[in-house]
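Biologist: Please take me through the labels used for this model, and set each value against its definition.

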Amino acid sequence: MQYIGYGSLKERAAAEIRSAIVRGDLEPGTAIKDVELAEKLGLSRTPVREALATLTDEGLVETKPHAYTRVTALESEPVRDALVVVQSMHSLATGTVVQRKSLTAEDFAAMRAANKAFKKALDANDAEAALAADDEFHAVAVHRCDNFAITATIDRFTPLIRRAEHSRFSSPNARHSVTQHQQIIEACEQGDHALAMTLVDENWSTLEDEL
């Protein structure tokens with residue numbers, strides 16, 4: 001983990017700890033001590049405690065008062081439940097924007113650029129960069145949909161599936177997603193909202209193999 005300077009300390013601490021959990025630097029079951037984390041991040045204990053509370057809400061950390069604070073186990077049921085919700089929201093967002101014909105030439109260019117970056121990251125075995133590029137790809141439809149409930153739901157449950165995504169993008173099997181992304185772009189360009197939704201569903205369902 002990196003030293004954190006000034007800024008939104010709680011959010012930045014949460015992001016750094018979350019990344020460490022997703023990467024596996026903090027493995028499932030690892031005990032977490034706010035004093036040690038605060039020292040590593042160069043922060044006081046208050047923003048670290050607040051960050052841990054956020055990660056508890058996200059399902060990445062679990063706490064029992066006066067007993068322990070630790071990284072949660074990667075249990076399949078809660079992650080699968082979150083995946084169903086995230087998958088459905090992305091599919092709905094894509095179907096909505098295609099049906100409305102809201103996507104612009106710039107949007108399609110952004111999706112292609114994100115998919116190119118995604119492939120480059122996979123070729124370099126850089127799971128974190130692949131995850132970021134995948135986020136950029138799917139964010140195009142979510143942003144253009146402009147539905148606060150869809151966005152809020154995705155933001156709420158995505159952290160719980162991050163470890164499964166990281167595991168997927170660390171595997172050679174992830175390269176199939178490059179083709180799936182291209183198929184999604186083509187369906188969107190053709191205005192076939194039903195096919196686009198199906199393809200998005202299939203793309204997200206690949207994470208089930210990691211559970």
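**From label to value**

Modeller: Lys-101 is located in the loop between H4 and helix H5 (105-123); helices are DSSP runs of H or I with at least four residues, and strands are runs of E with at least two, numbered from the N terminus. The model is predicted, with local features requiring pLDDT of at least 70 and side-chain atom pairs pLDDT 80 or more, while totals for chains, interfaces and linings use all residues. Residues are numbered from 1 along each chain as its sequence is written, and side-chain values use heavy atoms, without hydrogens and water.

Biologist: Why is Lys-101 called exposed?

Modeller: The relative accessible area of Lys-101 is 76%. Exposed means over 50%, buried under 20%, and partly exposed in between, with a 1.4 Å probe and protein chains only. Lys-101 is therefore exposed.

Biologist: What makes the phi of Lys-101 worth noting?

Modeller: Lys-101 is not a glycine, yet its phi is positive, at about 60°. Most residues other than glycine have a negative phi. Asn-125, in the loop between H5 and H6, is not a glycine either and has a positive phi of about 55°. With 68% relative accessibility, Asn-125 counts as exposed.

Biologist: How do you know whether Asp-34 is buried or exposed?

Modeller: Asp-34 belongs to helix H2 (residues 34-41). The relative accessible area of Asp-34 is 16%, so this residue is buried. Apart from neighbours within four places in sequence, Asp-34 is in contact with Arg-45, Val-48, Arg-49 and Leu-52, contact being heavy atoms within 4.5 Å.

Biologist: How many salt bridges does the structure hold, and which parts does the one between Asp-135 and Arg-162 tie together?

Modeller: There are 13 salt bridges in the structure. In one of them, Asp-135 and Arg-162 have their closest N and O atoms 2.7 Å apart. Asp-135 is in helix H6 and Arg-162 in helix H7 (residues 148-169), so this pair ties together parts 27 residues apart in sequence. Asp-135 is partly exposed, at 28%, and Arg-162 is buried, at 15%.

Biologist: Why does the pair Asp-209 and Arg-168 count as a salt bridge?

Modeller: The closest N and O atoms of Asp-209 and Arg-168 are 3.6 Å apart, and the pair counts as a salt bridge. Because Asp-209 lies in the segment after helix H9 (193-205) and Arg-168 lies in helix H7, the pair ties together parts 41 residues apart in sequence. Asp-209 is exposed, with 60%, while Arg-168 is buried, with 5%.

Biologist: How do you know that H4 and H6 pack, and which residues meet?

Modeller: Helix H4 (residues 76-100) and helix H6 (residues 127-145) pack with axes 8 Å apart at an angle of about 65°. The axes are lines fitted to C-alpha atoms, for helices over the stretch in contact, with angles from 0 to 180 degrees between N-to-C directions. From H4, His-90, Ala-93, Thr-94, Thr-96, Val-97 and Arg-100 meet His-138, Ala-141, Val-142, Arg-144 and Cys-145 of H6. The residues of this contact divide into five nonpolar, four polar and two charged. Here Ala, Val, Leu, Ile, Met, Phe, Trp, Tyr, Cys and Pro count as nonpolar, Asp, Glu, Lys and Arg as charged, and the others, Gly among them, as polar.

Technical notes:
A salt bridge is a side-chain nitrogen of Lys or Arg within 4 Å of a carboxyl oxygen of Asp or Glu.
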